[in-house]
Amino acid sequence: TAAVIGLAFAATGCGSSSEDVPAGAKKLSFKLTDDGCIPHSASAPAGPILFEVENAGTSAVTEFEVLEGDSVLGEKENLTEGLSGSFSLDLEEGKYTIYCPGGSTERGPLTVGEAS
């Protein structure tokens, strides 16, 4: 089973500062919409990943989560219209889930491959 090596900045509100981002982190950007997370799926190499999340004008979806099974590995909550935020995770190779509760498409795959 893929395991999380580290979890940083799963707090609510706006994002962390640039000095908090792990060196060499792969950046993945998402928009919260009435449809859910856009894009609905993503992939990245194993290692540090920075998740940037922006509310694109929806009141239905105000949260973004990365799940392993039913466990929340990282999240950004309370992103009402006009807010954005970020968090980083250090993920091993494996299959994870992107979850945006309240969207018409709530879940999508996150595939983490071999480190580059």
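**Salt bridges and a β-hairpin**

E54 is partly exposed, with a relative accessibility of 35%. The model is predicted. E54 takes part in one of the 2 salt bridges that the structure holds.

**Salt bridge K31–E54**
- The side chains of K31 and E54 form a salt bridge with an N to O distance of 2.9 Å.
- This pair links distant parts of the chain, since K31 sits in strand β2 and E54 in strand β5, 23 residues apart.
- K31 is partly exposed, at a relative accessible area of 38%, and E54 also counts as partly exposed, at 35%.

**Salt bridge K27–E52**
- A salt bridge joins the side chains of K27 and E52, at 3.8 Å from N to O.
- K27 belongs to strand β2 (residues 26-33) and E52 to strand β5 (residues 47-55), so the contact ties together parts that are 25 residues apart in sequence.
- E52 has a relative accessible area of 28% and is therefore partly exposed.

**Hairpin of β6 and β7**
- Strand β6 spans residues 64-68 and strand β7 spans residues 71-76; the two pair in the antiparallel sense over 5 bridges.
- L67 has V72, in β7, as its bridge partner.
- The hairpin has 2 residues between the strands, and G69 takes a positive phi near 65° there.

How values were computed: Residues numbered from 1 in each chain as written. Predicted model: local features only at pLDDT ≥ 70, side-chain atom pairs only at ≥ 80, totals over all residues. Heavy atoms only, no water. Pairing = 2+ DSSP bridges. Helix = DSSP H or I, 4+ residues; strand = E, 2+ residues; numbered from the N terminus. Salt bridge = Lys/Arg side-chain N within 4 Å of Asp/Glu carboxyl O. Buried < 20%, exposed > 50% of the residue type's maximum accessible area, 1.4 Å probe, protein only.
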